[in-house]
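Reader: I am new to this structure. Please take me closely through a single part of it, and then carry on into its surroundings.

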Amino acid sequence: MKKTALISLYDMNNFGLRTLFSVLDKAGAEVDLLFFKKGNLNSTMDKPLEKEIDFLINYIKAKEYKIVGIGTRSSIFSPAKEIALKLKKLEKPPVIVFGGVQTTLEPGKSLRYCDIACVGEGEKTILDICRGKKLKDIKNIFYKSKGNIIKNKVGVVECNLDKIPFPDFLDKNKYYFQDEKVIELKIKNYKTGYNLMTSRGCPFSCTYCCNNILRKIYNKPYLRRRSVENVIKELKEAKENFPSLLSVSFADDVFTFDKKWLKEFSIRYKEEINLPFFCYVHPKMCGEEEIKLLKEAGLSNANIGVQTFSKRIQKIYNRSGENQDILKSVINLKKYKIPVTIDIIMDNPMENEDDLKETLDWLLKIPSPFILNTHTLTHFPRTELTEKFVKEGLIKKEDVEDELEKGWTRWAPSLDLRRDKLNLFYDCLYYLTKLRFRSKSMIRRIQKSRYFRRNPEKLANIIKPFSFDVLSLDWNSTKDRTKYLIFKGFSELRNRGVKALFLKMRRQAKTPDIF
Ligand code: B12
Ligand code: SF4
């Protein structure tokens, strides 16, 4: 088998590449997983310096990899392109394979830089490539041959997810590249949180989301789930491998689909794993029964994608459902004392003040406090909404995410001064709704203020000092730790007690910066 390097860009987790690593490693291939830079704690990223890319290229050259596979996402497509272009200039360039969501959406664009584009899931594909199978016989790829693009059968999926090996989180053959340095990973004794997915695909098809188009590219069944047995097995291994584990995070797009699965999971997770966990829920699949099951299993916090309360925009997003039911889901989560994060999408050029008002009215019906992330609408390639916006002239082709790369700097930018005045004004009002000691009449008064409407940046600057972002905390700084105690500590003290709170803070402070 050919010596292979897999490159993860700005993502230390990357289940996709860690799974491909497992597949190759188990088949006896010589394979390394190279993590090129990491994202910032607040989910933004710093662009790579040219010398950092050169350092990586020299490393690849010295190691004489025959195949280099790069995972691509739209928001960080440019470093993939730069690395590939530089690799191509080497005297003996490796075969360059691109995969991941961006390449699946736009394989033609990827083929401008790589030799083989993996369209869809890559477990079988990467194995076939490393084994040197003839390209014409490999499924899920487009490739170049004599100046032509050859399109093989793509979108082929593994129906039984239990057959796929677990992503490999161990330190062996994993290297981290940052600031012209290569660091051998030694995370065994530091890893406090374990992330995993129990499913692939999503039951919904929101018009702005990649699932909207991926479900058309992938063969059926698009939505698949691992057995509870298989998930518990992975978690048991994780507990053995990482003695410091404190929590689990399920990254499934929607964790709460399939009540029968949830019932079995809830009992076994509590009995056999018993660690607090996080998951994403969907307002349409988050009734009291589901919440009760999750709470019994150990759900410690959840994220619910509301996106908008405007009925008109919900239609445009293909997110049907009654606002009353969404509200009920959020209230139920709070009833079971599950801290909840609500996601709202802003900066939609089709949204007018009536839509923004409708969202504000409903946010005011939610008992505070809650966490609210106001995201910016990102135009991912080929989704129904992006195509509609381009066609109607609301955005230009350069605004599509594989060109614009908004995700580098603007993922959940609450109170982001780059917003237009109306969006920033409502962002401020939304922000006020989540505060513990909010005053509805004060929010309504501000809503009527002509001064703040004209100068929303002034309002944002007044509110900003009250904002608190756990993710960007420096746990070694006394100032930040005190801030944490003031903003979050009291609720944690109430939920878990003094000992657990200080243990958590000490563990976080000891955890090296790269995790
Ligand atoms: C978990 C997650 C995260 C986590 C961690 C990532 C991780 N993997 O652990 C965090 C929070 C860090 C994150 C961050 C971001 N994410 Co995210 N994330 C996801 C999520 C929910 C799961 C990703 C995943 O692991 N999927 C399962 C694996 C098995 O699938 P996969 O990665 O696609 O890999 C398979 C194939 O694509 C292929 N493949 C992948 N790479 C390669 C490489 C080669 C060489 C080959 C041959 C094949 C191959 O084989 C894999 C196995 O079959 C997805 C949604 C989703 N359901 O996929 C969004 C998703 C990938 N994220 C998205 C976005 C936008 C982001 C951010 C840009 C947001 C931001 N600004 O912070 C960042 C970018 C981070 C980065 N550096 O890439 C978008 C990407 C859209 C796009 N067009 O690119 C998605 C699709 C969500 C969505 N529906 O819009 N994310
Ligand atoms: S529910 Fe979430 S992951 Fe699923 S299609 Fe809608 S936005 Fe995408």
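Author: Start with the sheet of six strands. Its order is β10-β13-β14-β15-β16-β17. The sheet is open, and its pairing is parallel. Two strands pair if DSSP finds at least two bridges between them.

This is a predicted model: local features need pLDDT of at least 70, side-chain atom pairs count only at pLDDT 80 or more, and totals for chains, interfaces and linings use all residues. Residues are numbered from 1 along each chain as its sequence is written, while chains are lettered from A and ligands numbered from 1 in the order in which they are written.

Axes are lines fitted to C-alpha atoms, for helices over the stretch in contact, and angles run from 0 to 180 degrees between N-to-C directions.

Strand β16 (residues 340–346) and β17 are joined in the parallel sense over six bridges. Within that pairing, isoleucine 345 has histidine 375 of β17 as its bridge partner. Helix α16 packs on this sheet, where it touches β16 and β17. The direction of α16 makes about 165° with that of β17. Contact means that two C-beta atoms, placed from the backbone, lie within 7 Å.

Which helices does α16 meet? One is α13 (residues 353–363), whose axis comes within 10 Å of the axis of α16 and crosses it at roughly 5°. The two helices are therefore roughly parallel to each other. The cut-offs are these: under 35 degrees is roughly parallel, over 145 roughly antiparallel, 65 to 115 roughly perpendicular, and the rest oblique. From α13, Glu353, Leu356, Leu360 and Leu363 meet Leu422, Tyr426, Leu429, Tyr430 and Thr433 of α16. By class, this contact has seven nonpolar residues, one polar and one charged. Ala, Val, Leu, Ile, Met, Phe, Trp, Tyr, Cys and Pro count as nonpolar, Asp, Glu, Lys and Arg as charged, and the others, Gly among them, as polar.

Another partner is α19. The axes of α16 (residues 421–433) and α19 (residues 456–463) come within 9 Å and cross at roughly 30°. That angle makes α16 roughly parallel to α19. Their crossing is left-handed, meaning that the near helix is turned anticlockwise from the far one by less than a right angle; clockwise would be right-handed. On the α16 side, the contact is made by Lys421, Leu424, Phe425, Cys428 and Tyr431. On the α19 side stand Pro456, Glu457, Leu459, Ala460 and Ile463. Eight of the contact residues are nonpolar, none is polar and two are charged.

Now leave α16 for another pair of helices. The axes of α9 (residues 259–272) and α10 (residues 288–297) come within 8 Å, with a crossing of roughly 20°. They are therefore roughly parallel to each other. The crossing of α9 past α10 is left-handed. Lys259, Leu262, Lys263, Phe265, Ser266, Tyr269 and Lys270 of α9 meet Glu289, Glu290, Leu293, Leu294, Glu296 and Ala297 of α10. This contact divides into six nonpolar residues, one polar and six charged.

Next come the ligands. Around ligand 2 stand Cys202, Phe204, Ser205, Cys206, Cys209, Asn211, Asp253, Val254, His282 and Gly305. A residue is near a molecule or strand if its C-beta atom, placed from the backbone, lies within 6 Å of it. The shell of ligand 2 holds five nonpolar residues, four polar and one charged. Ligand 1 has 42 residues around it, and Asn13, Gly16, Gly69, Gly99 and Gly122 come nearest. Helix α1 gives the largest share of that shell, five residues. By class, the shell of ligand 1 has 18 nonpolar, 19 polar and five charged residues.

Finish with the sheet of nine strands. Its order is β7-β6-β5-β4-β3-β1-β2-β8-β9, it is open, and its pairing is mixed. Its edge strands are β7 (148–151) and β9 (181–184). The twist here averages 25° from one strand to the next. Inside this sheet, β3 (residues 67–71) and β4 (residues 95–99) pair in the parallel sense over five bridges.

Note on methods: Helix = DSSP H or I, 4+ residues; strand = E, 2+ residues; numbered from the N terminus.
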